[in-house]
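Colleague: Could you walk me through this model before I start on it myself?

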Amino acid sequence: MNKLGRILLTGGALGAAAVAYSAGYERSRWTLRRATLPILPSGTPEVRVLHISDLHMMPNQESKQRWVAGLAELEPDLVINTGDNLAHPQAVPAALRAFGDLLDVPGAFVFGSNDYYGPKPKNPARYLLPASKIKRVHGEPLPWRDLRAALTERGWQDATHRRLELEVGDLRVHVAGVDDPHLHLEQYDLIAGAPKEDAQLSIGLTHSPEPRVLDRFAEDGYDLVLAGHTHGGQLRLPGYGALVTNCDLDRSRARGVSDWGDMKLHVSAGLGTSPYAPVRFACPPEATLLSLVPRDVDLTSENDSNETPFEAGESVR
């Protein structure tokens, strides 16, 4: 075999190994991300917020369902779900099994495009185009109304174009959200204005972290915005990061915590993929436990945004 043949053979083997790793291992390497955010008033007790996004649930994904259900052992004070829960018309029962005992915790949610429409096969190269240049291709309608009814019946609140006042322990929390900006469904004017003056914490919710929406939340003085949609890039290269975000957010903010003006932004890399692109590379599926603490807390010894394995039954505090 000549040199070119050996190079091609080696490259093909490496490519096959990368695909096998991305599709066979990493996309189910469930990971808990933790971060500590100093955004509460002085003297306020810590609040633990579990951020879940982008399950893209299929009925047969039992490993995902068990892992998400086990997150209840973290004993969060508040659960936030930023959408794209479904990937199949019959996935509502599976999603509810995944949420399990988390539905007994105070929670709020907004939906994303893959709560409304199912996935369809797409050319992956289209995601390399600017988000504004991508033509939307919708699959079959999904039973989002059934999911919303089940979530609200259990006590989670739909924050879509609503301003909510939640009691989380002794904390007064203002939550407001918009419908999915990825589909241009947001109507921010319906929730516009500063959070209530007596709120000790204000959280904005959006599925897709579009800068035009983040700017409005920041202008209104929110403490924190939670979003999903990006999958953290889904494919990340060491030393480079996310290849794309599938929205107008810059690649450096594709996952994790960042500053947006005076506001904190957390983007979840999510827990799923489209069934037509079931791969992740250097970007494991994740949920995030955000520890919110007073602004005057010294965080010099904290290891923020670290990834940790989590198995139900382990010590979590």
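**Overall picture**

Modeller: Among contacts in the protein chain (heavy atoms within 4.5 Å) between residues at least 6 apart in sequence, 75% join residues at least 24 apart. This is a predicted model, in which local features need pLDDT of at least 70 and side-chain atom pairs count only at pLDDT 80 or more, while totals for chains, interfaces and linings use all residues. Residues are numbered from 1 along each chain as its sequence is written, and side-chain values use heavy atoms, with hydrogens and water left out.

Colleague: How many helices and strands does the protein chain come to?

Modeller: There are 6 helices and 15 strands, where helices (H or I, at least four residues) and strands (E, at least two) are DSSP runs numbered from the N terminus. Of the 317 residues of the protein chain, 52% count as buried, meaning under 20% relative accessible area with a 1.4 Å probe, protein chains only.

Colleague: And strand E14, how many of its residues are buried?

Modeller: In E14 (residues 286-294), 9 of the 9 residues are buried, so the strand is largely enclosed by the rest of the structure.

Colleague: Which way does strand E1 run against E14?

Modeller: E1 (residues 31-40) and E14 run parallel and are joined by 9 bridges, pairing being counted if DSSP finds at least two bridges between two strands. Within E14, threonine 288 is the bridge partner of arginine 33. Strand E2 (residues 47-52) pairs with E14 in the antiparallel sense over 5 bridges, and there valine 49 has leucine 290 of E14 as its bridge partner.

Colleague: Switching to the open sheet of 6 strands, what order does it have?

Modeller: The order is E6-E7-E8-E9-E13-E12, with mixed pairing. Strands E6 (163-168) and E12 (256-260) stand at the edges with a single partner strand each, so one side of each is left without a neighbour in the sheet. E6 pairs with E7 (residues 171-177) in the antiparallel sense over 6 bridges, and arginine 163 has alanine 176 in E7 as its bridge partner.

Colleague: Last topic, at what angle do helices H3 and H5 pack?

Modeller: H3 (residues 92-99) and H5 (residues 144-154) pack at an angle of about 25 degrees with their axes 10 Å apart, the axes being lines fitted to C-alpha atoms over the stretch in contact, and angles running from 0 to 180 degrees between N-to-C directions. H3 and H5 are therefore roughly parallel to each other, as angles under 35 degrees count as such. The contact is made by Val92, Ala95, Leu96 and Phe99 of H3 and by Leu147, Ala150 and Leu151 of H5.

Terms used:
Angles under 35 degrees count as roughly parallel, over 145 as roughly antiparallel, 65 to 115 as roughly perpendicular and the rest as oblique. Buried means under 20% relative accessible area, exposed over 50%, partly exposed in between (1.4 Å probe, protein chains only).
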